[in-house]
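Please look over the structure below before reading on.

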Amino acid sequence: GKTFEAITIANSDGYYPPASSLNTALGRLESDSINGGKGPSEEVVRATYALMQQLLPGEKQSANELAMGQTYEQLDKGEEGGL
């Protein structure tokens, strides 16, 4: 089988046009049976994790709109934060 996490990047003034297909991204997935059944190497896992830490959660992906005490989920729903 294949295990993967999906992320998206919000279109910011045309910088990130939508992909015409997911074939390229999904074609890069590797079977969990690679590396003797151990999955991706530690190096690949660490690189992927480091990249994902740079991404913002939520649909709006706009940290400057986030109020103190507000979660990204609340921002997406138009709700106020806890403070």
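Is R46 buried, partly exposed or exposed? R46 counts as exposed, because its relative accessibility is 58%; exposed means over 50% relative accessible area, buried under 20%, and partly exposed in between (1.4 Å probe, protein chains only).

## Basis of the report

This is a predicted model, in which local features need pLDDT of at least 70, side-chain atom pairs count only at pLDDT 80 or more, and totals for chains, interfaces and linings use all residues. Residues are numbered from 1 along each chain as its sequence is written, and side-chain values use heavy atoms, with hydrogens and water left out.

## Overall make-up

The protein has four helices and zero strands, where helices (H or I, at least four residues) and strands (E, at least two) are DSSP runs numbered from the N terminus. Along the sequence this gives the pattern α-α-α-α.

The protein has 83 residues, and 7% of them count as buried. Its accessible surface is about 7,200 Å², with 53% belonging to carbon and sulfur atoms; such areas come from the Shrake-Rupley method with a 1.4 Å probe, and for residues only the protein chains shown count as cover. Among contacts (heavy atoms within 4.5 Å) with a separation of 6 or more, 34% join residues 24 or more positions apart.

One salt bridge is present in the structure. The term stands for a side-chain nitrogen of Lys or Arg within 4 Å of a carboxyl oxygen of Asp or Glu. Here the partners are the side chains of E42 and R46, at 3.1 Å from N to O.

Both E42 and R46 belong to helix 3 (residues 42–52), and they are four residues apart, about one turn of the helix. E42 counts as partly exposed because its relative accessibility is 49%.

## Q70 in the loop

Q70 sits in the loop between helix 3 and helix 4. Q70 is buried because its relative accessible area is 12%. The side chain of Q70 reaches the backbone oxygen of E79 at 2.6 Å. Apart from neighbours within four places in sequence, the residues in contact with Q70 are E65, L75, E79, E80 and G81.

## D76 in helix 4

D76 is part of helix 4 (residues 72–77). With a relative accessibility of 25%, D76 counts as partly exposed.

Which residues does D76 touch, not counting residues up to four places away in sequence? They are G58, E59 and K60. D76 and G58 are 18 residues apart in sequence, while their C-alpha atoms are 6.5 Å apart in space.

Key. A polar contact is a pair of N or O atoms within 3.5 Å; within protein, one must be able to donate a hydrogen and the other to accept it, and residues adjacent in sequence count only if both atoms are side-chain atoms.
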